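I opened my notebook to keep a record of what I looked up, one entry after another.

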Amino acid sequence: MKEFAIYTGLRALLLLATFGIVAGAWVLIAGSVPLFAVIVIAFVISGVASYFLLDRQRVAFASKVESRANAALEKARSKEDH
């Protein structure tokens, strides 16, 4: 659960930071902010950035999920055998 919270929190933080940077740049360049466009651009940029920047956290989270799934599968198999 810890890995999930860390990864999700960092993804949200990265999205908010990207949103702020994109909105700020848009205001400096154009003077007004089309909210929907800024949100879409922030989602795309933060998604690509998280693939590279949050690789270690994603691998830790995936490893935890895999180990829990394997444990549940082994438990189900042991129940079948009895």
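Is tyrosine 7 buried, partly exposed or exposed? I found that tyrosine 7 is buried, because its relative accessible area is 12%, where buried means under 20% relative accessible area, exposed over 50% and partly exposed in between, with a 1.4 Å probe and protein chains only.

Before going on, I noted that this is a predicted model in which local features need pLDDT of at least 70 and side-chain atom pairs count only at pLDDT 80 or more, while totals for chains, interfaces and linings use all residues. I also noted that residues are numbered from 1 along each chain as its sequence is written, and that side-chain values use heavy atoms, with hydrogens and water left out.

**Entry on the fold.** I looked up the elements and found three helices and zero strands in the chain (DSSP runs, H or I of at least four residues for helices and E of at least two for strands, numbered from the N terminus). The radius of gyration of the chain, taken over C-alpha atoms, is 19 Å, well over the 12 Å that the globule rule gives for 82 residues, so the chain is more spread out than a compact globule; the rule is 2.2 Å times the number of residues to the power 0.38. Along its principal axes, the C-alpha trace spans about 70 × 20 × 15 Å, and buried residues make up 13% of the 82 residues.

**Entry on the aromatic rings.** I found three aromatic pairs in the structure, where rings of Phe, Tyr and Trp (its six-membered ring) pair if their centres lie within 6.5 Å, and planes under 30 degrees apart count as stacked, over 60 as edge-to-face and the rest as tilted. Phenylalanine 4 and phenylalanine 61 have ring centres 5.7 Å apart and planes at 45°, so I wrote this pair down as tilted. Phenylalanine 4 lies in helix α1 and phenylalanine 61 in helix α3 (residues 55-81), 57 residues apart. Phenylalanine 61 is partly exposed, with a relative accessible area of 24%. Tyrosine 7 and phenylalanine 61 form a stacked pair, 6.1 Å centre to centre with 20° between the planes. Because tyrosine 7 lies in helix α1 and phenylalanine 61 in helix α3, this pair ties together parts that are 54 residues apart in sequence. I recorded Phe4, Tyr7 and Phe61 as one aromatic cluster.

**Entry on threonine 18.** I placed threonine 18 in helix α1 (residues 2-30), and threonine 18 counts as buried because its relative accessibility is 8%. Leaving aside residues up to four places away in sequence, threonine 18 touches Ala42, Ile45 and Ser46, where contact means heavy atoms within 4.5 Å.
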